[in-house]
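Student: Could we work through a structure together, with the criteria stated as we go?

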Amino acid sequence: MRDPELVSLAQRAAGELEQAWSEWRHARGLAEEFSESVASYVAHSIDHPWGRPRVVLGLDAEEARALAALLGRERSV
């Protein structure tokens, strides 16, 4: 059985990630381009224990590289 608190946490995290990604794109003039939803949550993962909902990213290759570069800059600071 899924823990409602963990599901709610994953849903909120997906929403926060979606909002942050949208703001990042807007700040770079990419907001006018069509952009699909990039974050969703799943109730479970085959790679992780049951009962721990996961947030899943669905980015195209260019956006994934931009996110990787952004996160890489954070590591080097």
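Student: Is L6 buried, partly exposed or exposed?

Tutor: This is a predicted model, in which local features need pLDDT of at least 70 and side-chain atom pairs count only at pLDDT 80 or more, while totals for chains, interfaces and linings use all residues. Residues are numbered from 1 along each chain as its sequence is written, and side-chain values use heavy atoms, leaving out hydrogens and water. Buried means under 20% relative accessible area and exposed over 50%, with partly exposed in between (1.4 Å probe, protein chains only). Because its relative accessible area is 31%, L6 is partly exposed.

Student: What is the separation between the C-alpha atoms of L6 and P53?

Tutor: L6 lies in helix α1, helices being DSSP runs (H or I, at least four residues) numbered from the N terminus. P53 is 47 residues apart from L6 along the chain, yet their C-alpha atoms are separated by 6.4 Å.

Student: Is R25 buried or exposed?

Tutor: R25 lies in helix α1 as well. Its relative accessible area is 4%, so R25 is buried.

Student: With which side chain does the side chain of R25 make a polar contact?

Tutor: A polar contact is a pair of N or O atoms within 3.5 Å; within protein, one must be able to donate a hydrogen and the other to accept it, and residues adjacent in sequence count only if both atoms are side-chain atoms. At 2.2 Å, the partner of the R25 side chain is the side chain of E63.

Technical notes: Helices (H or I, at least four residues) and strands (E, at least two) are DSSP runs, numbered from the N terminus.
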